[in-house]
Amino acid sequence: MITDDYSRRVVNYEEMHDITKDQLEKFVEAARISTGNIVLDAMAGYGTVTKTILRFAKKERLDITVKMLDRSIEQLHRPEASEIPGAVERIVCDMPRGLEQFGTMSVDRVLMKQGLYEVPKEEQARVITEIYRILKPKGIFVGWHINIDDKQDQTAFQEVIQRKDALAGYKELAARRYFFRVDELHHYLGEAGFCRIERLDHWEFSLDTKKVKAQEFSGKEEAWEEWCKFSDARLNIFYRIRRESGEKVVYHLGHQSIIRATKRLKVAPYC
Ligand SMILES: C[S@@+](CC[C@H](N)C(=O)[O-])C[C@H]1O[C@@H](n2cnc3c(N)ncnc32)[C@H](O)[C@@H]1O
(Lines give C-alpha, C1' and ligand atoms only; values in the text may rest on other atoms or scores of the structure.)
Protein backbone atom coordinates (compact mmCIF):
# COMPACT_ATOMS: atom_id res chain seq x y z
CA MET A 1 0.00 0.00 0.00
CA ILE A 2 1.24 3.49 -0.86
CA THR A 3 1.55 5.69 2.19
CA ASP A 4 1.70 9.30 1.19
CA ASP A 5 3.15 12.04 3.36
CA TYR A 6 1.73 14.49 0.85
CA SER A 7 -1.78 13.57 1.96
CA ARG A 8 -1.10 15.62 5.11
CA ARG A 9 1.73 17.95 4.07
CA VAL A 10 0.14 21.36 3.77
CA VAL A 11 2.90 23.71 2.69
CA ASN A 12 2.73 26.87 0.60
CA TYR A 13 5.71 26.67 -1.80
CA GLU A 14 5.31 30.22 -3.10
CA GLU A 15 5.60 31.50 0.47
CA MET A 16 8.36 29.14 1.57
CA HIS A 17 10.62 29.68 -1.46
CA ASP A 18 9.70 33.26 -2.45
CA ILE A 19 8.30 32.18 -5.81
CA THR A 20 6.97 35.08 -7.85
CA LYS A 21 4.20 35.37 -10.42
CA ASP A 22 6.80 36.51 -12.92
CA GLN A 23 8.87 33.33 -12.46
CA LEU A 24 5.76 31.18 -12.88
CA GLU A 25 4.82 33.04 -16.05
CA LYS A 26 8.31 32.56 -17.49
CA PHE A 27 8.05 28.84 -16.76
CA VAL A 28 4.75 28.56 -18.63
CA GLU A 29 5.95 30.74 -21.53
CA ALA A 30 8.95 28.43 -21.91
CA ALA A 31 6.58 25.62 -22.90
CA ARG A 32 5.52 27.46 -26.09
CA ILE A 33 1.93 26.34 -25.71
CA SER A 34 -0.31 26.84 -28.74
CA THR A 35 -3.97 26.34 -29.60
CA GLY A 36 -5.08 22.73 -29.70
CA ASN A 37 -2.36 21.54 -27.31
CA ILE A 38 -2.92 18.96 -24.62
CA VAL A 39 -0.90 20.23 -21.67
CA LEU A 40 0.03 18.17 -18.63
CA ASP A 41 1.04 19.68 -15.31
CA ALA A 42 2.97 16.75 -13.82
CA MET A 43 3.30 16.52 -10.02
CA ALA A 44 0.94 19.46 -9.96
CA GLY A 45 0.35 19.63 -6.21
CA TYR A 46 -2.34 22.21 -5.48
CA GLY A 47 -2.21 23.57 -9.00
CA THR A 48 -0.07 26.71 -8.99
CA VAL A 49 1.36 25.86 -12.43
CA THR A 50 -2.06 24.79 -13.77
CA LYS A 51 -3.52 28.14 -12.74
CA THR A 52 -0.68 29.97 -14.46
CA ILE A 53 -1.24 27.92 -17.64
CA LEU A 54 -4.95 28.78 -17.57
CA ARG A 55 -4.22 32.51 -17.14
CA PHE A 56 -1.72 32.37 -20.01
CA ALA A 57 -4.23 30.60 -22.29
CA LYS A 58 -6.90 33.18 -21.46
CA LYS A 59 -4.54 36.09 -22.14
CA GLU A 60 -3.34 34.60 -25.43
CA ARG A 61 -6.83 33.36 -26.38
CA LEU A 62 -5.64 29.77 -26.73
CA ASP A 63 -8.02 26.85 -26.84
CA ILE A 64 -6.15 24.11 -24.98
CA THR A 65 -6.79 21.04 -22.82
CA VAL A 66 -5.11 21.09 -19.42
CA LYS A 67 -4.66 18.07 -17.17
CA MET A 68 -3.13 18.10 -13.71
CA LEU A 69 -1.56 15.00 -12.28
CA ASP A 70 -0.36 14.14 -8.81
CA ARG A 71 0.16 11.08 -6.65
CA SER A 72 -1.84 12.68 -3.89
CA ILE A 73 -5.59 13.21 -4.26
CA GLU A 74 -5.46 15.48 -1.20
CA GLN A 75 -3.01 17.88 -2.91
CA LEU A 76 -5.14 17.97 -6.08
CA HIS A 77 -8.16 18.99 -4.00
CA ARG A 78 -6.59 21.48 -1.62
CA PRO A 79 -8.60 24.73 -1.20
CA GLU A 80 -5.99 26.58 -3.29
CA ALA A 81 -7.08 24.42 -6.25
CA SER A 82 -10.79 25.12 -5.82
CA GLU A 83 -10.85 27.89 -8.45
CA ILE A 84 -9.53 25.50 -11.13
CA PRO A 85 -12.48 24.69 -13.41
CA GLY A 86 -13.88 21.19 -13.63
CA ALA A 87 -12.83 21.02 -17.30
CA VAL A 88 -9.28 20.50 -16.04
CA GLU A 89 -8.96 16.78 -15.46
CA ARG A 90 -7.35 15.87 -12.10
CA ILE A 91 -5.50 12.61 -12.45
CA VAL A 92 -4.23 10.62 -9.50
CA CYS A 93 -1.05 9.05 -10.83
CA ASP A 94 2.05 7.65 -9.18
CA MET A 95 4.96 8.38 -11.51
CA PRO A 96 6.63 6.71 -13.25
CA ARG A 97 4.42 3.58 -13.27
CA GLY A 98 1.16 5.53 -13.34
CA LEU A 99 2.11 7.22 -16.60
CA GLU A 100 1.29 3.91 -18.32
CA GLN A 101 -2.34 5.13 -18.36
CA PHE A 102 -1.28 7.76 -20.94
CA GLY A 103 -1.03 6.72 -24.56
CA THR A 104 2.22 6.97 -26.47
CA MET A 105 2.46 10.35 -28.23
CA SER A 106 -0.72 11.60 -26.59
CA VAL A 107 0.27 14.98 -25.12
CA ASP A 108 1.92 18.10 -26.56
CA ARG A 109 3.48 19.66 -23.48
CA VAL A 110 4.59 18.40 -20.08
CA LEU A 111 5.48 20.89 -17.35
CA MET A 112 6.99 19.65 -14.11
CA LYS A 113 7.91 22.11 -11.39
CA GLN A 114 9.98 20.85 -8.47
CA GLY A 115 8.88 17.27 -9.02
CA LEU A 116 11.57 14.92 -10.25
CA TYR A 117 13.49 14.87 -6.95
CA GLU A 118 10.37 13.44 -5.30
CA VAL A 119 10.96 10.01 -6.81
CA PRO A 120 13.80 7.73 -5.72
CA LYS A 121 17.05 7.83 -7.68
CA GLU A 122 16.44 4.47 -9.35
CA GLU A 123 13.10 5.68 -10.77
CA GLN A 124 14.13 9.11 -12.03
CA ALA A 125 15.37 8.03 -15.47
CA ARG A 126 12.10 6.16 -16.04
CA VAL A 127 10.06 9.27 -15.21
CA ILE A 128 11.89 11.06 -18.01
CA THR A 129 11.61 8.18 -20.52
CA GLU A 130 7.89 7.93 -19.78
CA ILE A 131 7.46 11.67 -20.34
CA TYR A 132 9.33 11.26 -23.63
CA ARG A 133 7.06 8.37 -24.62
CA ILE A 134 3.80 10.21 -23.96
CA LEU A 135 4.92 13.38 -25.76
CA LYS A 136 4.05 13.80 -29.42
CA PRO A 137 6.95 14.30 -31.86
CA LYS A 138 8.34 17.82 -31.35
CA GLY A 139 6.50 17.90 -28.03
CA ILE A 140 8.11 19.95 -25.29
CA PHE A 141 9.07 19.11 -21.72
CA VAL A 142 9.73 22.01 -19.37
CA GLY A 143 11.19 21.36 -15.94
CA TRP A 144 11.92 23.62 -12.99
CA HIS A 145 14.74 22.32 -10.82
CA ILE A 146 17.32 23.20 -8.22
CA ASN A 147 20.77 23.33 -9.82
CA ILE A 148 23.23 21.22 -7.91
CA ASP A 149 26.54 20.97 -9.69
CA ASP A 150 28.89 18.87 -7.62
CA LYS A 151 28.75 15.79 -5.44
CA GLN A 152 29.83 17.45 -2.22
CA ASP A 153 27.08 20.08 -2.48
CA GLN A 154 24.62 17.36 -3.41
CA THR A 155 25.42 15.23 -0.36
CA ALA A 156 25.16 18.20 2.02
CA PHE A 157 21.87 19.38 0.52
CA GLN A 158 20.41 15.87 0.47
CA GLU A 159 21.31 15.32 4.13
CA VAL A 160 19.87 18.66 5.25
CA ILE A 161 16.54 18.14 3.50
CA GLN A 162 16.40 14.50 4.58
CA ARG A 163 16.93 15.54 8.20
CA LYS A 164 14.25 18.24 7.91
CA ASP A 165 11.75 15.77 6.47
CA ALA A 166 12.48 13.19 9.17
CA LEU A 167 12.29 15.72 12.03
CA ALA A 168 9.14 17.30 10.62
CA GLY A 169 7.53 13.84 10.60
CA TYR A 170 7.73 12.95 6.90
CA LYS A 171 9.49 9.59 6.98
CA GLU A 172 8.45 8.63 3.47
CA LEU A 173 9.82 11.85 1.97
CA ALA A 174 13.06 11.37 3.89
CA ALA A 175 13.40 7.89 2.43
CA ARG A 176 12.36 8.58 -1.17
CA ARG A 177 13.64 11.98 -2.27
CA TYR A 178 16.82 12.19 -4.31
CA PHE A 179 18.25 15.60 -5.20
CA PHE A 180 19.86 14.92 -8.56
CA ARG A 181 22.73 16.94 -10.01
CA VAL A 182 22.42 18.92 -13.25
CA ASP A 183 24.63 16.38 -15.08
CA GLU A 184 22.34 13.55 -13.95
CA LEU A 185 19.30 15.40 -15.31
CA HIS A 186 21.03 16.01 -18.64
CA HIS A 187 21.95 12.33 -18.77
CA TYR A 188 18.31 11.26 -18.19
CA LEU A 189 17.10 13.66 -20.89
CA GLY A 190 19.74 12.66 -23.43
CA GLU A 191 19.25 8.93 -22.86
CA ALA A 192 15.46 9.29 -23.24
CA GLY A 193 16.06 10.83 -26.67
CA PHE A 194 15.38 14.52 -26.02
CA CYS A 195 17.20 17.06 -28.11
CA ARG A 196 17.64 20.83 -27.94
CA ILE A 197 18.12 20.69 -24.18
CA GLU A 198 18.25 24.33 -23.12
CA ARG A 199 18.72 25.94 -19.75
CA LEU A 200 16.57 29.08 -19.78
CA ASP A 201 15.86 31.50 -16.93
CA HIS A 202 17.39 30.98 -13.55
CA TRP A 203 17.11 32.66 -10.17
CA GLU A 204 18.44 32.35 -6.69
CA PHE A 205 17.51 29.41 -4.53
CA SER A 206 17.51 30.07 -0.83
CA LEU A 207 16.51 28.29 2.34
CA ASP A 208 15.05 30.50 5.06
CA THR A 209 14.94 28.50 8.29
CA LYS A 210 12.24 30.73 9.79
CA LYS A 211 9.96 30.18 6.82
CA VAL A 212 10.58 26.45 7.01
CA LYS A 213 9.63 26.60 10.68
CA ALA A 214 6.33 28.33 9.91
CA GLN A 215 5.45 25.90 7.14
CA GLU A 216 6.78 22.56 8.38
CA PHE A 217 7.50 22.62 12.12
CA SER A 218 4.31 23.98 13.61
CA GLY A 219 4.35 23.01 17.33
CA LYS A 220 7.70 21.27 16.96
CA GLU A 221 10.09 23.90 18.29
CA GLU A 222 12.71 21.42 19.56
CA ALA A 223 12.78 19.45 16.34
CA TRP A 224 13.24 22.70 14.40
CA GLU A 225 16.13 23.77 16.69
CA GLU A 226 17.77 20.40 16.12
CA TRP A 227 17.38 20.76 12.37
CA CYS A 228 18.81 24.31 12.42
CA LYS A 229 21.90 23.11 14.28
CA PHE A 230 22.37 20.24 11.86
CA SER A 231 21.89 22.50 8.83
CA ASP A 232 24.38 25.04 10.04
CA ALA A 233 27.03 22.39 10.55
CA ARG A 234 26.32 20.67 7.26
CA LEU A 235 25.66 23.63 4.99
CA ASN A 236 28.98 25.23 5.82
CA ILE A 237 30.25 23.21 2.87
CA PHE A 238 27.46 24.19 0.55
CA TYR A 239 26.17 27.64 1.29
CA ARG A 240 27.47 30.61 -0.63
CA ILE A 241 26.01 33.33 1.60
CA ARG A 242 24.46 33.03 5.02
CA ARG A 243 22.44 35.91 6.45
CA GLU A 244 21.35 35.98 10.04
CA SER A 245 19.17 38.32 12.03
CA GLY A 246 17.61 37.12 15.25
CA GLU A 247 15.80 33.88 14.56
CA LYS A 248 16.10 34.32 10.81
CA VAL A 249 18.83 32.48 8.93
CA VAL A 250 18.83 32.49 5.15
CA TYR A 251 21.20 30.29 3.18
CA HIS A 252 21.67 31.27 -0.43
CA LEU A 253 22.23 27.93 -2.03
CA GLY A 254 22.90 28.82 -5.63
CA HIS A 255 20.24 28.70 -8.31
CA GLN A 256 17.12 27.05 -9.57
CA SER A 257 16.36 27.11 -13.25
CA ILE A 258 14.03 26.26 -16.08
CA ILE A 259 15.10 23.62 -18.55
CA ARG A 260 13.38 22.97 -21.89
CA ALA A 261 13.82 19.78 -23.91
CA THR A 262 12.19 18.81 -27.20
CA LYS A 263 11.14 15.38 -28.44
CA ARG A 264 12.74 14.40 -31.69
CA LEU A 265 10.79 14.18 -34.90
CA LYS A 266 9.67 10.60 -35.32
CA VAL A 267 11.31 10.12 -38.68
CA ALA A 268 14.62 11.88 -38.09
CA PRO A 269 17.48 10.41 -36.06
CA TYR A 270 18.45 13.93 -35.01
CA CYS A 271 16.88 17.37 -34.95
C1 LIG B 1 7.23 19.89 -4.07
S2 LIG B 1 5.61 19.52 -4.60
C3 LIG B 1 5.49 20.51 -6.07
C4 LIG B 1 4.06 20.80 -6.49
C5 LIG B 1 3.90 21.73 -7.69
N6 LIG B 1 4.58 21.23 -8.88
C7 LIG B 1 4.41 23.11 -7.36
O8 LIG B 1 5.60 23.36 -7.57
O9 LIG B 1 3.63 23.94 -6.87
C10 LIG B 1 5.76 17.89 -5.25
C11 LIG B 1 4.44 17.22 -5.62
O12 LIG B 1 4.76 15.97 -6.25
C13 LIG B 1 3.82 15.00 -5.84
N14 LIG B 1 4.46 13.68 -6.03
C15 LIG B 1 5.45 13.14 -5.27
N16 LIG B 1 5.81 11.95 -5.78
C17 LIG B 1 5.04 11.74 -6.87
C18 LIG B 1 4.95 10.68 -7.81
N19 LIG B 1 5.74 9.60 -7.73
N20 LIG B 1 4.04 10.78 -8.81
C21 LIG B 1 3.22 11.87 -8.91
N22 LIG B 1 3.26 12.89 -8.03
C23 LIG B 1 4.17 12.84 -7.03
C24 LIG B 1 3.50 15.35 -4.41
O25 LIG B 1 2.25 14.83 -3.99
C26 LIG B 1 3.53 16.89 -4.45
O27 LIG B 1 2.26 17.41 -4.69
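Tutor: Start with Glu-184, which lies in helix 8. Helices (H or I, at least four residues) and strands (E, at least two) are DSSP runs, numbered from the N terminus. The model is predicted: local features need pLDDT of at least 70, side-chain atom pairs count only at pLDDT 80 or more, and totals for chains, interfaces and linings use all residues. Residues are numbered from 1 along each chain as its sequence is written.

Student: Why does Glu-184 count as partly exposed?
Tutor: Because Glu-184 has 17 C-beta neighbours inside 10 Å. A residue is buried if 20 or more other C-beta atoms lie within 10 Å of its own, exposed if 12 or fewer, and partly exposed in between, with C-beta atoms placed from the backbone.

Student: Which other residues of helix 5 are buried?
Tutor: Val-127, Ile-128, Glu-130, Ile-131, Tyr-132 and Ile-134.

Student: And what do the buried residues of helix 5 pack against?
Tutor: Strand 4, strand 5 (135-146) and helix 8 (182-192). Contact here is between two residues whose C-beta atoms, placed from the backbone, lie within 7 Å.

Student: Ile-131 is on that list. Which residues touch the most other members of the largest nonpolar core?
Tutor: Ile-131 is one of them, along with Phe-27, Ala-42, Val-110, Leu-111, Phe-141 and Val-142. That core has 68 residues. A nonpolar core is a set of buried Ala, Val, Leu, Ile, Met, Phe, Trp, Tyr and Cys residues joined through C-beta atoms within 7 Å.

Student: Take Leu-111. What is it in contact with?
Tutor: Leaving aside neighbours within four places in sequence, Leu-111 contacts Phe-27, Ala-31, Asp-41, Ala-42, Val-49 and Val-142.

Student: Phe-27 and Val-49 again. Where do helix 2 and helix 3 meet?
Tutor: Leu-24, Glu-25, Phe-27 and Val-28 in helix 2 meet Thr-48, Val-49, Thr-52, Ile-53 and Phe-56 in helix 3. By class, those residues are six nonpolar, two polar and one charged. Ala, Val, Leu, Ile, Met, Phe, Trp, Tyr, Cys and Pro count as nonpolar, Asp, Glu, Lys and Arg as charged, and the others, Gly among them, as polar.

Student: At what angle do the axes of helix 2 and helix 3 cross?
Tutor: Roughly 70°, and the axes come within 9 Å. Axes are lines fitted to C-alpha atoms, for helices over the stretch in contact, and angles run from 0 to 180 degrees between N-to-C directions. Helix 2 and helix 3 are therefore roughly perpendicular. Angles under 35 degrees count as roughly parallel, over 145 as roughly antiparallel, 65 to 115 as roughly perpendicular and the rest as oblique.

Student: What about helix 6 and helix 10?
Tutor: Helix 6 (residues 151-167) and helix 10 (residues 221-235) pack at about 175°, with axes 10 Å apart. They are therefore roughly antiparallel. Their contact has seven nonpolar, one polar and five charged residues.

Student: Switching topic. Where is the cis peptide bond?
Tutor: Between Met-95 and Pro-96, with omega of about 5°. Pro-96 lies in the loop between strand 3 (89-92) and strand 4 (107-113).

Student: Why mention that bond?
Tutor: Because most peptide bonds are trans, and most residues other than glycine have a negative phi. Met-105 has a positive phi of about 55° although it is not a glycine, and Met-105 is also in the loop between strand 3 and strand 4. Gln-114 has a positive phi too, about 45°, and is found in the loop between strand 4 and helix 5 (121-134).

Student: Last topic, the ligand. How many residues surround it?
Tutor: 19, and the closest are Tyr-6, Met-43, Gly-45, Arg-71 and Glu-118. A residue counts as near if its C-beta atom, placed from the backbone, lies within 6 Å of the molecule.

Student: What classes make up that shell?
Tutor: Eight nonpolar, six polar and five charged residues.
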